[in-house]
Amino acid sequence: MFGKRKAMLVHQGVRLRNDPTIMTPNILKAIDSGKYEHKEARQLVQIIQPGERVMEIGGGIGFLSTLMARQPEVESVLVYEANPGLISYMQETHKNNGIEDVKVRNAILTSGPAQDKVSFYLRNDFWASSTLPEPWGFREEVKVPTEDLNDSVSTFKPTLIVCDIEGGEAELFDCASLPGVRHVLLELHQRVTGGSGIRNVFDNMSRMNFHYNEDFSSGPIVTFTRLQDA
């Protein structure tokens with residue numbers, strides 16, 4: 001029903017091409033209802049500060065990176081996306097919305113030194129694809145290059161990290177230090193990671209002198225803010 005309706009969708013002012021290979025009924029329903037990444041978008045508008053350098057880990061179809069790049073306070077945006085089938089669509093989203101300076105990389109960030117290419121498991125709804133083959137099975141396995149999170153942070157120097165990687169957040173920050181980062185906004189996936197994965201995220205953030213910021217959190221969308229006296 002949704003797929004036959006429009007060639008171009010508009011969600012919170014962002015134009016998204018209605019590609020049937022990407023916009024599955026579940027994705028279209030979320031966009032049509034206005035709920036697609038709406039919690040993240042609401043919190044980000046409040047978090048962003050002048051001179052912001054944003055690293056987004058798990059860029060999807062380019063919705064959030066487009067919103068962030070439009071903010072006059074944002075200086076630069078770097079997006080990592082593991083799914084090779086989304087890279088050209090994301091870049092098209094940026095172009096369709098007049099965004100020219102977002103850097104996009106097809107890679108998986110690692111905790112510790114980069115490895116050889118690793119497996120990434122594609123599912124029909126792109127937002128469910130991940131580095132984990134379970135718990136829902138998968139449609140296709142692809143090999144994706146990796147980069148060291150610490151190396152990327154050292155090179156790009158982000159002040160804000162946005163992360164939605166379907167359970168990968170449980171271990172991503174195990175070896176991280178995140179110098180210069182003021183906020184980390186991420187989506188938790190307890191059904192994937194279990195309680196121990198959630199605990200590990202909070203332990204890692206506490207180790208790096210970040211605290212859970214309830215002012216900019218909603219359910220699984222949580223924001224960690226670096227303590228000013230740390």
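Analyst: The model is a predicted one. A residue is called buried when its relative accessible area is under 20%.

User: Which residues of helix 3 are buried?

Analyst: Helix 3 spans residues 63–70. Six of its eight residues are buried, so the helix is largely enclosed by the rest of the structure. The buried residues are Phe63, Leu64, Ser65, Thr66, Leu67 and Met68.

User: How many helices and strands does the protein chain have, and what is its radius of gyration?

Analyst: The protein chain contains seven helices and 13 strands. For 230 residues the globule rule gives 17 Å, and the value for this chain is close to that, so the chain is as compact as a globular protein of that length. Its C-alpha atoms fill a box of roughly 55 × 40 × 30 Å along the principal axes. The radius of gyration is 17 Å.

User: What share of the contacts in the protein chain, at a separation of 6 or more, joins residues 24 or more positions apart?

Analyst: Of the 230 residues in the chain, 53% are buried. Among contacts with a separation of 6 or more, the share from residues 24 or more positions apart is 64%.

User: How far apart do the centres of the positive and negative side chains lie?

Analyst: The chain carries 24 positive side chains and 30 negative ones. The distance between the centres of these two sets is 6 Å.

User: Is glutamate 169 buried or exposed?

Analyst: Glutamate 169 belongs to helix 6, which covers residues 169–172. Its relative accessible area is 1%, and the limit for a buried residue is under 20%. Glutamate 169 is therefore buried.

User: Which backbone nitrogen does the side chain of glutamate 169 reach at 3.0 Å?

Analyst: Beyond four places in sequence, glutamate 169 touches Cys163, Glu187, Leu188, His189, Thr193 and Val201. A polar atom of its side chain also lies 2.9 Å from the backbone nitrogen of glycine 167. The backbone nitrogen reached at 3.0 Å is that of histidine 189.

User: What is the C-alpha to C-alpha distance between glutamate 169 and glycine 197?

Analyst: These two residues are 28 residues apart in sequence. In space, glutamate 169 and glycine 197 are separated, C-alpha to C-alpha, by 8.1 Å.

User: What is phi of glutamate 166 near?

Analyst: Glutamate 166 sits in the loop that runs from strand 10 (160–163) to helix 6. With a relative accessibility of 12%, glutamate 166 counts as buried. Its phi is positive, in a residue other than glycine, and is near 50°.

User: Where does leucine 178 lie, and what is its phi near?

Analyst: Leucine 178 is in the loop between helix 6 and strand 11 (183–187). Its relative accessible area is 0%, so leucine 178 is buried. Phi is positive in this residue other than glycine, with a value near 55°.

User: Which residues does threonine 24 touch, not counting those up to four places away in sequence?

Analyst: Threonine 24 lies in the loop between strand 2 (14–17) and helix 1 (25–32). At a relative accessibility of 12%, threonine 24 counts as buried. With residues up to four places away in sequence left out, threonine 24 touches Asn124 and Asp125.

Conventions
Residues numbered from 1 in each chain as written. Predicted model: local features only at pLDDT ≥ 70, side-chain atom pairs only at ≥ 80, totals over all residues. Heavy atoms only, no water. Helix = DSSP H or I, 4+ residues; strand = E, 2+ residues; numbered from the N terminus. Rg over C-alpha atoms; globule rule 2.2 N^0.38 Å. Buried < 20%, exposed > 50% of the residue type's maximum accessible area, 1.4 Å probe, protein only. Contact = heavy atoms within 4.5 Å. Lys, Arg positive; Asp, Glu negative; His and termini not counted. Charge placed at Lys NZ, Arg CZ, Asp CG, Glu CD. Polar contact = N/O pair within 3.5 Å; in protein donor to acceptor, adjacent residues only side chain to side chain.
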